[in-house]
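I opened a new structure today and kept notes as I went. Here is what I looked up, in the order I looked.

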Amino acid sequence: MLCCFIAVNAQLLFSLLSTANATKHNGEEYFDYYAKMMIDIRTTGKNIFMIGRFIMSTIQCKCCGKDVSSDSATCPYCGSSINHYGSQSDVPPPMQGSYKSEKSEPAWETSDGSIIERIINTVKSLIQQPAVFFENLRTEGGFGAPCSYLLFTSLFGIVFFQIYMIIGSMLGIVNESFAETLVTTVIACFIAPIVAIIGSFIVAEIYHILASVFSVATKPFEATYRGTAYAYGTCMLFNIVPVIGGLIGGIAYIYYMIVALSKIHGMSTGKACLIVLIPTIVIGWCSIVFFFTALVFLGLAAGALNL
């Protein structure tokens with residue numbers, strides 16, 4: 001730009017000197033001539049600038065080979081996708097009238113593979129990248145898919161837990177006979193999934209009420225429940241790990257729910273921690289109080305019987 005400016009002014013000066021040497025002009029004629037030259041130079045410079053700007057802000061479409069503006073989201077000739085950084089993605093040209101949602105469904109909500117394969121793929125994606133999983137999770141789609149996911153994962157988790165209990169009773173580690181443990185396993189396999197689904201609705205409702213109180217509930221209850229069900233169902237599978245699986249699952253559930261609420265509702269991590277930890281602390285405190293109260297009553301009952 002500096003070189004162009006110098007060249008234009010040099011050309012103007014040369015023209016003025018040449019005109020002055022060739023003929024005699026008065027001051028008014030010199031002024032008119034200078035003004036005309038400036039208008040011509042300004043128009044020419046503006047055109048050069050616009051051409052240069054167009055050349056610098058265009059890229060070549062990889063599909064059709066034509067030059068398109070880097071500000072365009074799609075190629076106007078073939079319709080292929082172009083991102084905002086000016087480079088073109090490898091996505092094939094979309095069909096006319098097609099639309100792709102910003103959110104995507106997890107592997108469980110697709111029809112690819114068997115039930116076991118879809119559970120494994122969903123658990124793998126949630127554990128490996130929880131932030132990406134919950135950020136891309138659709139906020140709508142119904143309650144059926146997350147409920148069924150929680151139903152199967154809680155069933156698998158309780159089956160593994162009860163298998164370890166049966167092995168413990170056979171080895172004499174658990175103070176129950178093999179027959180009692182077997183009956184408990186059958187009952188638990190029927191009751192545990194139902195309790196898990198009912199509990200997930202209650203917990204999700206508590207989270208959503210707290211999010212509304214803190215004025216950070218940007219999505220409906222359905223979105224909160226979907227995140228809760230997938231986090232809860234995934235952590236139920238931690239019961240596969242013997243002895244400490246339940247403890248690991250509880251800690252992981254708190255972490256996954258914090259990530260889920262922050263990504264689904266777009267809230268800060270601090271507020272998500274408060275929303276998750278407040279009911280956890282309250283329920284834990286009530287459980288401790290209930291436990292020690294039960295011990296006191298049992299002690300009093302045992303003393304009354306001895307008397």
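**Entry 1: H3 against H5.** I started with a pair of helices in this predicted model. The axes of H3 and H5 cross at roughly 95° and come within 11 Å. Angles from 65 to 115 degrees count as roughly perpendicular, so I noted H3 and H5 down as roughly perpendicular to each other. Then I wanted the residues behind this contact. On the H3 side I listed Ile115, Ile116, Ile119, Thr122 and Val123, and on the H5 side Tyr149, Phe152, Thr153 and Phe156. Sorted by class, the contact of H3 with H5 has 7 nonpolar residues, 2 polar and no charged.

**Entry 2: H5 itself.** Next I looked along H5, which covers residues 144-171 and has 28 residues. From first C-alpha to last, H5 reaches 41 Å, close to the 40 Å expected at 1.5 Å a residue. Which residues of H5 are buried? My list reads Pro146, Cys147, Tyr149, Leu150, Thr153, Ser154, Gly157, Ile158, Gln162, Ile166, Gly168 and Ser169. Tyr149 and Thr153 had already turned up in the contact with H3. I also checked what lies over the buried residues of H5: the cover includes H3 (115-128), H6 (178-213) and H7 (221-236). Just after H5 comes Gly172, with a positive phi of about 85°.

**Entry 3: H7 and Thr224.** I stayed with H7. This helix has 16 residues, and its reach from first C-alpha to last is 22 Å, close to the 22 Å expected at 1.5 Å a residue. H7 is mostly covered, with 14 of its 16 residues buried. Is Thr224 buried or exposed? The relative accessible area of Thr224 is 1%, and under 20% counts as buried, so Thr224 is buried. The side chain of Thr224 makes a polar contact with the side chain of His208, at 2.9 Å. Setting aside neighbours within four places in sequence, I found Thr224 in contact with Ala204, Tyr207, His208, Leu261 and His265.

**Entry 4: two loop residues.** Ser215 has a positive phi of about 60° although it is not a glycine. I placed Ser215 in the loop between H6 and H7. Ser215 counts as exposed because its relative accessibility is 67%, and the cut-off for exposed is over 50%. Val243 went on the page too, with a positive phi near 70° in a residue other than glycine. Val243 is in the loop between H7 and H8 (245-264). Val243 also counts as exposed, because its relative accessibility is 86%.

**Entry 5: Ser262.** Where is Ser262? I found Ser262 in H8. Ser262 counts as buried because its relative accessibility is 12%. A polar atom of the Ser262 side chain lies 2.8 Å from the backbone oxygen of Val259. Leaving out neighbours within four places in sequence, Ser262 is in contact with Met267, Ser268 and Ala272.

**Entry 6: stepping back.** Last, I looked at the whole chain. How many helices and strands does the protein chain have? I noted 9 helices and 2 strands, running α-α-β-β-α-α-α-α-α-α-α from the N terminus on. Of the 307 residues in the protein chain, 29% are buried. Among contacts between residues at least 6 apart in sequence, 58% join residues at least 24 apart.

Notes:
Residues are numbered from 1 along each chain as its sequence is written. This is a predicted model: local features need pLDDT of at least 70, side-chain atom pairs count only at pLDDT 80 or more; totals for chains, interfaces and linings use all residues. Side-chain values use heavy atoms; hydrogens and water are left out. Helices (H or I, at least four residues) and strands (E, at least two) are DSSP runs, numbered from the N terminus. The expected span of a helix is 1.5 Å times one less than its number of residues. Buried means under 20% relative accessible area, exposed over 50%, partly exposed in between (1.4 Å probe, protein chains only). Contact means heavy atoms within 4.5 Å. A polar contact is a pair of N or O atoms within 3.5 Å; within protein, one must be able to donate a hydrogen and the other to accept it, and residues adjacent in sequence count only if both atoms are side-chain atoms. Axes are lines fitted to C-alpha atoms, for helices over the stretch in contact, and angles run from 0 to 180 degrees between N-to-C directions. Angles under 35 degrees count as roughly parallel, over 145 as roughly antiparallel, 65 to 115 as roughly perpendicular and the rest as oblique. Ala, Val, Leu, Ile, Met, Phe, Trp, Tyr, Cys and Pro count as nonpolar, Asp, Glu, Lys and Arg as charged, and the others, Gly among them, as polar.
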